[in-house]
Amino acid sequence: MLKFRAWELFAVAVEMEKIGEAFYRTAGEASSSDDVKKLFHELAIWETQHQKTFSDMGKHLPEELLQDASVVDSEELEMYLQTFLDEKVFRKSRSFDAGKVKKFTPEEALQAALNIEKDAVVFYATLKGILPTQKEQEEVERIVQEEVKHVQILTSRLLKLEKN
């Protein structure tokens, strides 16, 4: 059985947002497309705002959620969370190869960003489903919707670049 404390999931969320911000800053600075540079600058700012939101949510948890470990009682959910945390957060996403990112074409950078945002949507939607309070669920839902907007924006820009 997977056990976690709610603050640990918020810490993972903050880490994911930091990685996203660093990716957007690195890829944006290196992009040959002014449109992609501008977009990635805006996305980096949003990621910074999400870091603050998740950090604040983690700090304002009720005392029992800070101390008591929650148990994920669904085998499928447990497998998903464990795999996601192992694969996306603890191994691959902790950092990225900045040298490789700097060599991305605008299309490659947009595709990589799209993958990051899709992972975030799935993780945060899952996180929302296991949070104990409606207030926390609503705040995470707001971020899920922002991440979905990021997916839509990135998809649109990618399609626009592919047509040119």
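View 1. The expected span is 1.5 Å times one less than the number of residues, and helices (H or I, at least four residues) and strands (E, at least two) are DSSP runs numbered from the N terminus. The model is predicted, with pLDDT of at least 70 needed for local features and 80 or more for side-chain atom pairs, while totals for chains, interfaces and linings use all residues. Residues are numbered from 1 along each chain as its sequence is written, and side-chain values use heavy atoms, with hydrogens and water left out.

**View 2. The buried residues of H7.** Those that count as buried (under 20% relative accessible area, 1.4 Å probe, protein chains only) are Glu-136, Val-140, Ile-143, Val-144, Glu-146, Glu-147, His-150, Val-151, Leu-154 and Leu-158.

View 3. Glu-21 lies in helix H1, residues 6-30, and is classed as buried because its relative accessibility is 17%. Apart from neighbours within four places in sequence, Glu-21 is in contact (heavy atoms within 4.5 Å) with Ala-44, Glu-47, Thr-48 and Gln-51.

**View 4. The chain that holds these sites.** Its secondary structure comprises 7 helices and 2 strands, in the order β-α-α-α-β-α-α-α-α from the N terminus. Of the 164 residues in the chain, 39% are buried, and among contacts between residues at least 6 apart in sequence, 83% join residues at least 24 apart.

Conventions. Buried means under 20% relative accessible area, exposed over 50%, partly exposed in between (1.4 Å probe, protein chains only).
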